[in-house]
Amino acid sequence: MSTIVRRTVPALAIAGTIMLATTGCLAGESADASNADAAGSAGAEGAEWSTDTLSIDFATYNPLSLIVRDQGLIEEALGDDVTVEWVQSAGSNKANEFLRAGSIDVGSTAGSAALLARANGSPIKVIDIYSQPEWSALVVPEGSDITSVADLDGKSVAATPGTDPYFFLLQALETEGLTIADIQLQNLQHADGRAALDAGSVDAWAGLDPIMAAAEAESGAELLYRNVDFNSYGFLNATEEFLTDHPDVAQVVVDAYEEARAWALENPDETAALLAEVAGIDLAVAETVITERSNLDVSGIPGDDQLAVLEKIGPVLVESGSIQGGQAAVDDALATLIDDSFARTATEDQ
């Protein structure tokens, strides 16, 4: 179930700046850059905002979203003329559903999930990178007889289709010559997957942090298989309609994210404490997620690094039957998914 929270508290002042690396330019950048420049000018000159509402998600798998929401960074920049609605996403699949339905303007997904959505016709673009995490792994109960990916053949595995853990599962199975047809897939949302693992209802689970880290600490769950290269980046996505009609507000969102990144890097303990509070997990678990599995010190500008990862994931999605239009749809999505103009403007201002 999604949760909507309206925040009206003023932001806390944030200090500190960071140096961010930039990635190569993409075709069409000039047109995108003009949108971002126009957005920046509108905000700087104090002109009226192009909308009186903004609907945006927060998610425990996106630490920067928690900071932006908690400190009211967007609300402070937009003032009283724009109502900000915060909607919680329980997973990339839910964020994609909200974006497609128009329930939110901006949402948090894994890169693989954004590629899936774009390839299947959802008009979204990635406008910022919030992390380069190792947030997915294959998990088994403590003392399980399953000791390798090959042992999953014929076993019951919980996963959430349309999310990075699901695509992680597909890639892991492929390393042993297995496919999704070789296991008994249980379609469960992330938290429900953990519950099923704890209850013994499934043999394994394609986990997602911070729920996965909590399962390790609280239930003795064990990570069967890890591979950081099978995790895609954290993507902040927006609908094309929102970017076209409200580039000024889109720029405010990305600016807030980059401000939150600087604060998170300078305040890892406070970031972990915030995650623990929102996710309802032990502080030590949250510290593990932030310090060991969430790489927030990454350029917010989407570009070649992210496309390189998605190019490897694309064929796996096609082979699994997840992409209706096959490889051609994937190729088109890769060519049109990124709008780096807002992140470039935001990082130039840092």
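1. Gly-207 of strand β9 is the bridge partner of Ala-137. Strands here are DSSP runs of E with at least two residues, and helices are runs of H or I with at least four residues, numbered from the N terminus.

2. This is a predicted model, in which local features need pLDDT of at least 70, side-chain atom pairs count only at pLDDT 80 or more, and totals for chains, interfaces and linings use all residues. Residues are numbered from 1 along each chain as its sequence is written, and side-chain values use heavy atoms, with hydrogens and water left out.

3. Strand β6 (residues 136-140) and strand β9 (residues 204-208) pair in the antiparallel sense over 4 bridges; pairing requires that DSSP finds at least two bridges between two strands. β6 also runs antiparallel to strand β10 (residues 222-225), joined to it by 3 bridges. Within β10, Glu-222 is the bridge partner of Val-140.

4. Because 5 of the 5 residues of β6 are buried, the strand is largely enclosed by the rest of the structure. Buried denotes under 20% relative accessible area (1.4 Å probe, protein chains only). Ser-136, Leu-138 and Val-140 point one way from β6, whereas Ala-137 and Val-139 point the other way.

5. On the surface, Asp-304, Asp-305, Glu-311, Asp-331 and Asp-332 gather in a patch of negative charge. Two or more residues of this patch come from each of α13 (304-320) and α14 (326-336). The largest share, 3 residues, belongs to α13, the helix in which Glu-311 is found. Patch residues have over 30% relative accessible area and no salt bridge, and like charges are joined within 9 Å. A salt bridge is a side-chain nitrogen of Lys or Arg within 4 Å of a carboxyl oxygen of Asp or Glu.

Terms used:
Buried means under 20% relative accessible area, exposed over 50%, partly exposed in between (1.4 Å probe, protein chains only). Patches are made of residues with over 30% relative accessible area and no salt bridge: like charges are joined within 9 Å, nonpolar side chains (Val, Leu, Ile, Met, Phe, Trp, Tyr) within 5 Å. Accessible areas come from the Shrake-Rupley method with a 1.4 Å probe; for residues, only the protein chains shown count as cover. Lys and Arg count as positive and Asp and Glu as negative; His and the chain ends are not counted. The place of a charge is taken as NZ of Lys, CZ of Arg, CG of Asp or CD of Glu.
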